[in-house]
Amino acid sequence: MDRIPILRMGEFLLVTIQVDMHDQLALTLQDDLTSSIQRTGAKGVLIDISALEMVDSFIGRMIANISSMSRILDARTVVVGMRPAVAITLVELGLSLAGVDTALDVERGMRRLRDSLEDAGVARADHEE
Amino acid sequence: MPITKSDVLPLRTEHDIVQARQHVRKLTQEAGFGLVDQTKMVTAASELARNAVTYGGGGTVRWEVLTEGVRRGVRLHFIDEGPGIADLQQALTDGWTSGTGMGLGLSGAKRLVNEFEIESAPGRGTRVTVTRWK
Amino acid sequence: MSTAAEIVVNTIQNDSRGLLQEWLAELKAQGTGADHRVSESELQEQGAELVRLLAAAIGSGRDVSGESWRPVREFLETISRSRALQGFGANETATLVLSLKRPLFARIRAQANDPATLGDATWTVTEVIDRLALHTVATFQKSREEVIARQQEEMLELSTPVVKLWDGVVALPMIGTLDSARTQVVMESLLQRIVETGSEIAIIDITGVPTVDTLVAQHLLKAVTAIRLMGADCIISGIRPQIAQTIVHLGVELGGVTTKATLADALALAFKRSGLIVTRAKAV
């Protein structure tokens, strides 16, 4: 596989990582996502990692980067479905991914994105008044 | 320490990193490691394999399955002939939250395994040996 | 004139019923006869079987570690293990085997015609019985250690159950010291339950944790971080005033972790975060 597909769902982008990524694939995903956000004006990105059996510092940093970059592009990122063994290992590794928003699953992740969109909409409305 | 199985894998490209960690997954599964212990070893292998490929100019990993009585373990030797590490102390004490470059890979990997040994000097390459027991 | 070896074989193979009775009498005299744990008939059965196996094995020589003595060893292991489980002491279990000596010595004395033969025969019997007694005790020890290990595991599981407090809220009441190994096991089961129940809030209650030092605090922080990475929130409750003092004193950074004094407070917060309100029902 040479790229991970990015699905568009309304104002959100959905990425499901199901393969053991080699470094270049991860970097390509990073680039593809940022250009997608820009092109589509997406307001939110949901990254589903429930199929990942391992997240090392490289992938961890990719996730953190995607989160930061999308924020600059006015989109929110939520990472969902991290497995217990992966979470325990990441913490032991020393990565806390502090700035990254997380949710238990896709459903809750979408809810989180929709809520934040509403809040943003309200804030914008307040602003305009 | 009785080695029941052993072989060598190349670490030249990033695809080799993936191969290496998939093989370590298989080894730790066969050795009966719990899921968390498997994941820790696989992640440590990924970090160290990447170091060898990215900073070491390529190298190899020799894997060993160990049996000591009823205890089973997996040992990995990562060897590269790269530039070597100038300040080992510094490389190993990269803190919890700093996450740039090789530092986190080494200090992080150290926390994920039971035994960790490293030999490295400028111009003399790097050799890291990690072991995890069931 | 019989040799020492022949005498030994004779004493065990001849009149096994008589030997059994003498042995049981000896046991009673030693205070390890039948009691509420082992009935008279059970003891008779076990004794008879042991004598039978001994008689079968003694013909092949005095090396109790050999193949022909295996049935005897295995039988002793079975008895030893069951006695360990029944709560017998190591003494009593060893005495079981050792008290065979007196009846056997008596018989040897009756058969031996000279001191040398008497000495050799007695020595052979001593060797055999001692080795068997040692084997019995070793098995006993091992069984006891296995029981202890299993009890430790059960205690560990019992002392850290993950309970569902409400839809979407799980709690982990921690009891006892938090060491590295224990925290691992506990963290795993907590995280697993969070996924299984789809709970977005986990409460770790440390009321039952006697001391919190830097290491324990680190473990707790790791647990909180892992829970957050998975997409849930963690509240730590049960922080006694002394613990709060220790934490501040040690300079531990709890930054960003929500803490509550009691589990009740934590539950109230969990409800609030979940958008739930508790109201009193109107009296009818």
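Entry 1. I note that the model is a predicted one.

**Entry 2. Chain A against chain C.** Here I found 13 residues of chain A in contact with 15 residues of chain C. The elements that give two or more residues to the chain A side of this contact are H3 and strand S5 (101-103) of chain A. H3(A) gives the most to that side, with 5 residues. By type, the residues on the side of chain A that touches chain C divide into 10 nonpolar, 2 polar and 1 charged.

**Entry 3. Helix H8 of chain C.** H8(C) covers residues 180-197, and its 18 residues should span 26 Å at 1.5 Å a residue; the end C-alpha atoms lie 26 Å apart, so the two values agree. Which residues of H8(C) are buried? I listed C:Val186, C:Met187, C:Leu190, C:Leu191 and C:Ile194. They cover an arc of only 135° around the axis, and therefore sit on the same side of H8(C). The face turned away from that buried side carries the exposed residues C:Ala181 and C:Glu196. I next looked up what the buried residues of H8(C) pack against: helix H3 (84-93) of chain A, and, within chain C, strand S2 (169-175), strand S3 (201-208) and helix H9 (214-230). Just after H8(C), I noted that C:Gly198 takes a positive phi of about 60°.

**Entry 4. Helix H3 of chain C.** The 19 residues of H3(C) should span 27 Å at 1.5 Å a residue, and its end C-alpha atoms are 26 Å apart, which agrees. The buried residues of H3(C) are C:Leu43, C:Gly47, C:Leu50, C:Leu54, C:Ala57 and C:Ile58. Seen down the helix axis, these fall within an arc of 95°, so they line one face of H3(C). Exposed residues C:Ser41 and C:Glu45 are carried on the face turned away from the buried side. The buried residues of H3(C) pack against H1, H2 and H4 of chain C.

**Entry 5. Two helices of chain A.** I examined helix H1 (residues 23-40) and helix H2 (residues 57-72) of chain A, whose axes come within 10 Å and cross at roughly 10°. Because of that angle, H1(A) is roughly parallel to H2(A). From H1(A), the residues that meet H2(A) are A:Asp23, A:Ala26, A:Gln30, A:Leu33, A:Thr34 and A:Ile37. Their counterparts in H2(A) are A:Phe58, A:Ile59, A:Met62, A:Asn65, A:Ile66, A:Met69 and A:Ser70. I sorted the residues of this contact into 8 nonpolar, 4 polar and 1 charged.

Entry 6. Most residues other than glycine have a negative phi. A:Asp74 is placed in the loop between H2 and strand S4 (76-80) of chain A. I count A:Asp74 as exposed because it has 11 C-beta neighbours inside 10 Å. C:Asp15, also not a glycine, has a positive phi of about 50°. Its place is in the loop between helix H1 (4-13) and helix H2 (16-30) of chain C. With 13 other C-beta atoms within 10 Å, C:Asp15 is partly exposed.

Entry 7. I located C:Arg81 in helix H4 (residues 70-86) of chain C. Is C:Arg81 buried or partly exposed? C:Arg81 has 19 C-beta neighbours inside 10 Å and so counts as partly exposed. Leaving aside neighbours within four places in sequence, C:Arg81 is in contact with C:Thr139 and C:Ser143. C:Ser143 is 62 residues from C:Arg81 along the chain, while their C-alpha atoms are separated by 5.8 Å. C:Asp120 is placed in helix H7 (residues 115-159) of chain C. With 18 C-beta neighbours inside 10 Å, C:Asp120 counts as partly exposed. The C-alpha atoms of C:Asp120 and C:Ser99, 21 residues apart along the chain, are 19 Å from each other.

Notes: Residues numbered from 1 in each chain as written. Chains lettered and ligands numbered in written order. Predicted model: local features only at pLDDT ≥ 70, side-chain atom pairs only at ≥ 80, totals over all residues. Helix = DSSP H or I, 4+ residues; strand = E, 2+ residues; numbered from the N terminus. Expected span 1.5 Å × (residues − 1). Buried ≥ 20, exposed ≤ 12 C-beta atoms within 10 Å, placed from the backbone. Arc of directions from axis to C-beta. Contact = placed C-beta atoms within 7 Å. Nonpolar A, V, L, I, M, F, W, Y, C, P; charged D, E, K, R; others polar. Axes fitted to C-alpha atoms, helices over the stretch in contact; angles between N-to-C directions. Parallel < 35°, antiparallel > 145°, perpendicular 65-115°, else oblique.
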